[in-house]
Amino acid sequence: MCVDHKIICRCGRAAASFNLRDEIMPVEVIRGLYCPGCSVGIALDPGSMIADNGWVIDYDMDIAGFASLNRVANLPASGVTAEFLFDEGYCTWKGLYPGDAEDSAREKAELLELSRQDRLKYIREFRRWTLDRIARLAGMGWRKAQAADLD
Ligand SMILES: [Zn+2]
């Protein structure tokens, strides 16, 4: 199931789409979202927040704890953490960064044109495109791109 959860940041100038793995977390687990513009100067609480390339997600850890009870198989012994929510996909960007879903759809549409002309070349180009963009995004500092397995 893939439901689009779009959240607007605190200052209202940006938004990000979220992916909630297996829909275990309710969208209310996101207590606050800060874009690079409105995250400036906020006190980063590692107990409830994840910082990713200027963006900050503030999680409601009470909701996270309650929602994960008996429903998350790989829950760490220490309990649910902000890193766990983000890195394991229970509440994370849709795609590799905010806006990725829209950007990659546009880039893919350009590649799709090639698939009509040369199928084999398209497959090669698609793989190269995937690897190139992950490397580029990792270089920019995006957490999910840096954690991506390139095999
Ligand atoms: Zn903002």
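**Exercise 1. Find which residues Leu 85 touches, not counting residues up to four places away in sequence.**

Step 1: Apply the contact rule, in which two residues touch if their C-beta atoms, placed from the backbone, lie within 7 Å.
Step 2: Read off the partners of Leu 85, which are Met 25, Tyr 59, Ala 64, Val 80, Tyr 90 and Cys 91.

Before going on, please note that this is a predicted model, where local features need pLDDT of at least 70, side-chain atom pairs count only at pLDDT 80 or more, and totals for chains, interfaces and linings use all residues. Residues are numbered from 1 along each chain as its sequence is written.

**Exercise 2. Describe the largest nonpolar core and where its residues come from.**

Step 1: Such a core is a set of buried Ala, Val, Leu, Ile, Met, Phe, Trp, Tyr and Cys residues joined through C-beta atoms within 7 Å. Buried stands for 20 or more other C-beta atoms within 10 Å of the residue's own, exposed for 12 or fewer, and partly exposed for values in between.
Step 2: The largest core holds 31 residues, and Met 25, Ile 57, Tyr 59, Leu 85 and Cys 91 have the most contacts inside it.
Step 3: At least two residues each are supplied by strand E2 (15-19), E3, E4, E5, helix H1 (61-68) and helix H2 (82-87). Helices (H or I, at least four residues) and strands (E, at least two) are DSSP runs, numbered from the N terminus.
Step 4: Domain 1 (5-93) and domain 2 (100-147) each give this core at least three residues; such bounds come from an automatic or database domain assignment.

**Exercise 3. Work out the strand order of the open sheet of three strands, and explain which strands stand at the edges.**

Step 1: Strands pair if DSSP finds at least two bridges between them.
Step 2: The order is E3-E5-E4, with antiparallel pairing.
Step 3: E3 (30-34) and E4 (49-52) each have a single partner strand, so one side of each lacks a neighbour in the sheet.
Step 4: Look at E4 and E5 (residues 55-59), which four bridges join; Met 49, for instance, has Asp 58 in E5 as its bridge partner.

**Exercise 4. Decide whether Gly 41 is buried or exposed, and locate this residue.**

Step 1: Gly 41 sits in the loop between E3 and E4.
Step 2: Gly 41 counts as exposed because it has 6 C-beta neighbours inside 10 Å.
Step 3: From Gly 41 to Ala 105, 64 residues apart along the chain, the C-alpha atoms are separated by 33 Å.
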